[in-house]
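Colleague: Before I rely on any of the labels in this model, I would like to hear what stands behind each of them.

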Amino acid sequence: MQMLADVTTPEIEDVEAIISAKDVSVFYGDKQALNNVNLDIPANQITSLIGPSGCGKSTFLRCLNRMNDTVFGCRVEGNITLDGQDIYAPEVDEVLLRARVGMVFQKPNPFPKSIYDNVAYGPRIHGLTRDKDELDEVVLTSLEKAGLLKEVKDRLNATGTGLSGGQQQRLCIARALAVQPDIILMDEPCSALDPIATARIEELIEELRENYTIIIVTHSMQQAARISQKTAFFHMGEIVEVGDTEQLFTNPRDDRTQGYITGRFG
Amino acid sequence: MSFLPLVLVLLAMCTFGYWYGSRRAMAQTDSSVRRVAVRPHQFGLYVAIWGLVPPVFLIVLWGLFQEFGSSLGPALFDQIRTIVFPVVTLLVAAGGLYVSIQKINPALKVRKTIETAVYGVLILASTLSVLTTVGIVFSLLFETIQFFDKVPLSEFFLGLEWSPQTALRADQVGSSGAFGAIPLFAGTMLITLIAMMVAVPLGLFSAVYMTEYATDRFRAIVKPILEILAGIPTVVYGFFAALTVGVFFRDVGSAIGLDVVSESALAAGVVMGMMIIPFISSLSDDIIMAVPQSLRDGSYGLGATRSETVMKVILPAALPGIVGAVLLAVSRAIGETMIVVMAAGFAANLTANPLEAVTTVTVQIVGLLVGDQEFDSAKTLAAFALALVLFVITLSLNVIALIVVRKYREKYD
Amino acid sequence: MTDTSTPGKKTDWASPQLLAKVAQRQRAEKRFRRLGLSAIVIALAMLATLLFSIAGKGYSAFYQTRLVMDVTFSEAVIDPKGTRNEDDLRAAGYGGIVRDTLRETFPDVKSRKDLRELFALVSKGAPMQLRDMVLDNPDLIGQTVPVDFIAGDDIDMFNKGFIPRDVPEGDRRVKDMEIAWFDQLDAVGAVKMVFNSTFFTSGDSREPELAGIWGAISGSFYTLIVTFLISFPIGVMSAIYLEEFAPQNKFTDLIEVNINNLAAVPSIVFGLLGLALFLNVAHLPRSAPLVGGLTLALMTLPTIIIASRAAIRAVPDSIREAALGLGASKQQTAFHHVLPLSMPGILTGTIIGLSQALGETAPLLMIGMVAFIVDIPGGFTDAATVLPVQIFLWADSPERAFVEKTSGAILVLLGFLIFMNALAVLLRKKFERRW
């Protein structure tokens, strides 16, 4: 194949990067999980991270809002900037960072509280609203944006853990939206859901793209192909290939990528 | 001003600080800042912390100072106590409140300050358990050293005679009797041995039956009932041993022509064993459960019966863990007080005959310290020396047992 | 036998030797099984013996013998001046009235020695009983009304059947003469058994029939309050620190090892710590619930910390991640989410820790809570005793009647413990969460 000839840094023109990672390496104790990863995340697009399990895609995602800080013995090297500011700089408050860079997890994890309190939790701790009316409004809009309002508006005081899996995940998305983040990280958000619920979440992710930058880790190549504009392929802790989604899936430059997307390994 | 009003005034000041700080923060964020990183109540807390932490620090210092400060002379000391200290404390509190209120502005990172303060409190709370141990060691060691000033080490650890109560003439050397602790150690060991002879077989066989034979239903009903034994207060066991078991053994003894005293080591030991049964059975239960199913399957697969599997595979595999459990039980038996105080003898009696009365370390500690107390008499100090020995022995047993059990668990995890 | 080990030959499982061997092994199996079961049965039998022996000795403590006699509240004795002044009424010679009553009821008793026996029919508290009646209702003065006298402890024991009639007179505390008087009263229906409210409402006393456990219960209550107020917040904070915040270093290891070892330190050692620290260094009042509570708090702390840590560990990480992902700080995560979710487990552990503290005796002996205290303690610094110590004190008393009181107090103590443990079980059942 002709791949070696034209290896250039893949660029998505006319969109500026909101997050940019340079030479990022992550260690868990002595074990290296990521090795010199470079990636630019374009604003208001959906970027998907794919690769076989254990390839470091989730680790990378968790670097972007410093969730790795909570893992004992985890060390991050290199440089990640958000709007040009180093997010690992000592003066950065990781709490505020996480408010700007929200996260939705693999398994729906609503708090065992009411639906209302789940969504209201973020605005409350960050002091985003002045009074009850404003808070109500934020909760309702967030639920609306997450496409859940119609189903739950009569039972906002019911507990969030009583919803179905797909509804729970949409509740978690609503909860993240209520903090009004710029970026939403999604760590295999559909892996615990059935196909119908998955379809709803995918629809939702595409709608959200207008206002948010979304980075999604997925093990489903079809999903990545369906919803994202840019795709990065991780393998053994490194980025093998990154580029425009269509190009990456139809005409991969690296044969490891080729192998993965045609199902030869992974 | 005495202590309580001072604390109340401090609390009132901080409440005011909280209220005022919150209000001020509220007023300042009234601009159209969309994103406030904190809520007003955090500013309130911030002010309250500034008002509370420095004076509390002062109060603690004062508490330490009081122990030594009386050397200044009572008049001066009293003046400091009633005037200088409260005034200084309140001034410091007011200063803290003022400074922090001045500092309020929306850019101030109050959450960090609050969390640092909370973190400090959490660490302090966790340190208390270490301080407790230090306190135990120091309070015992201090008196014990004084004791060994009066009584030689060799007499205490090698002497065969214990009679601290015989006060001879006050001016005489060693005026308060003999302090040879061997009879106490021997008595403690005798009663512990009897207790173990009751508790180990009963506890272990119960555990084996529960884990290998019993149906879930049987287990669900009987296990909690057995554990009642562990929840009964020791004073109740003591009463039972003294009034029922002791008398029963004496009567049985006289019926078959044996001379059993009603405060026999046997009665105390048997009742103590009874108390320890659930301790051994539940620990062994956990340990037997931790033996991997694959070992059992292997044995059954060869055609072994259940009992053969238990005796030849499970118990040998679980042995280190069970030894650890027994060591923990021994440590508990040695330190047990009420049963022996109520059911064992008081006179030191060096014998290995379980039908006679013996005394134990814990009985003597209680005997020496309950009632009249003159500190620094050898008699009172002896109690601390005994307690130190008790502490060291139980602690060592416990440490060894925990290491053994942990090693065992690592093997199968 | 040797042929089974020869290679190439098959084991003959139907051979008589092997069948016999299998049968023998099956018998051994049965024996072993029976051995295990009998261990459990023996342990349960021991428990049953303990409970029945105490319940059998103690249930009668909840009843009390009363002797009904007509009492003349003579104005000449109680209030000769006729002023109805309360101090005068209080100071009057009610003992004389009691003696007169007994003399009138048994006019045949004449000798001084017999009279002394006669007066012992009723409790030494009888004059106080009359005084309280008069103070309650001064109109009684001058009237003759039937009064339920609390019987003396020996008569009470006799009436309850603990002193049998058929032993020789020299071997029993109640003499034939007293039995005759008792029968005489019984014949006219003047002997009653009533609920023993004294037992539940009064403090300790040298007279068994007047002794009660309310003082000890109050003491236990104040002590446990102090224990709870100290050990609960500190225990929960330690647990949160160790589970959620502590870095993995030597100091954390030290704290953890410490807590595990403290849990195994004999309780009497905590008593000596309390004695040295709170009494000799801090000069807090002896015998006070404050000191007892502090001492027990140090003892209970490891239990609460260990239980709380287990409860906190049971909260799944997905909850923590959810909160952190929204930008909650670690402390906000811990206090808003983890702590409330683990609270049922923490409370269960705390209740169990407190129930251990409630049954604890030895450390309290060291700090002087073993004094004879008649008054009901009214605060944290009053001299007091606690229920288990009261049991210990009564168990030492020679009177037969105190055996009954001791067992009764044990029943009450066990009642409290059962209540607390049931509460813990209930709490666990109700709020148990499967993740």
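Modeller: Let me begin with the term polar contact, which is a pair of N or O atoms within 3.5 Å, where within protein one must be able to donate a hydrogen and the other to accept it, and where residues adjacent in sequence count only if both atoms are side-chain atoms. Between domain 1 of chain C and domain 2 of chain C the count is 1 residue pair in polar contact, with both residues at pLDDT 80 or more. This is a predicted model, in which local features need pLDDT of at least 70 and side-chain atom pairs count only at pLDDT 80 or more, while totals for chains, interfaces and linings use all residues. Residues are numbered from 1 along each chain as its sequence is written, chains are lettered from A and ligands numbered from 1 in the order in which they are written, and side-chain values use heavy atoms, with hydrogens and water left out.

Colleague: Why is the pair C:Glu404 and C:Lys160 called a salt bridge?

Modeller: The term requires a side-chain nitrogen of Lys or Arg within 4 Å of a carboxyl oxygen of Asp or Glu. The N to O distance for C:Glu404 and C:Lys160 is 2.9 Å, so the pair qualifies. Across the interface of domain 1 of chain C and domain 2 of chain C, the rule finds 1 salt bridge. On the side of domain 1 of chain C that touches domain 2 of chain C, the residues divide into 4 nonpolar, no polar and 3 charged (Ala, Val, Leu, Ile, Met, Phe, Trp, Tyr, Cys and Pro count as nonpolar, Asp, Glu, Lys and Arg as charged, and the others, Gly among them, as polar).

Colleague: What makes domain 1 and domain 2 of chain C separate entries, and how much area do they bury between them?

Modeller: The bounds, 61-195 for domain 1 and 214-431 for domain 2, come from an automatic or database domain assignment. Their C-alpha centres lie 45 Å apart, and 7 residues of domain 1 of chain C are in contact with 8 residues of domain 2 of chain C, contact meaning heavy atoms within 4.5 Å. The two domains bury about 670 Å² between them, 69% of it on carbon and sulfur atoms, where buried area is the accessible area (1.4 Å probe) that two parts lose on being put together, summed over both. C:Ala61, C:Phe62 and C:Met157 supply 59% of the area that domain 1 of chain C buries against domain 2 of chain C, more than any other three residues.

Colleague: How many residues does each chain bring to the contact of chain B and chain C?

Modeller: Chain B brings 79 residues and chain C brings 73 residues, and the two chains bury about 6,400 Å² between them, 76% of it on carbon and sulfur atoms. The three residues B:Leu122, B:Tyr209 and B:Phe239 supply 10% of the area that chain B buries against chain C, more than any other three.

Colleague: How do you know that C:Arg25 and B:Glu308 form a salt bridge?

Modeller: Their closest N and O atoms are 2.7 Å apart, which lies inside the limit, and therefore the pair counts. The count between chain B and chain C is 1 salt bridge, alongside 11 residue pairs in polar contact. Helix α4 (residues 110-150) of chain B gives the most to the side of chain B that touches chain C, with 19 residues.

Definitions and conventions
Helix = DSSP H or I, 4+ residues; strand = E, 2+ residues; numbered from the N terminus.
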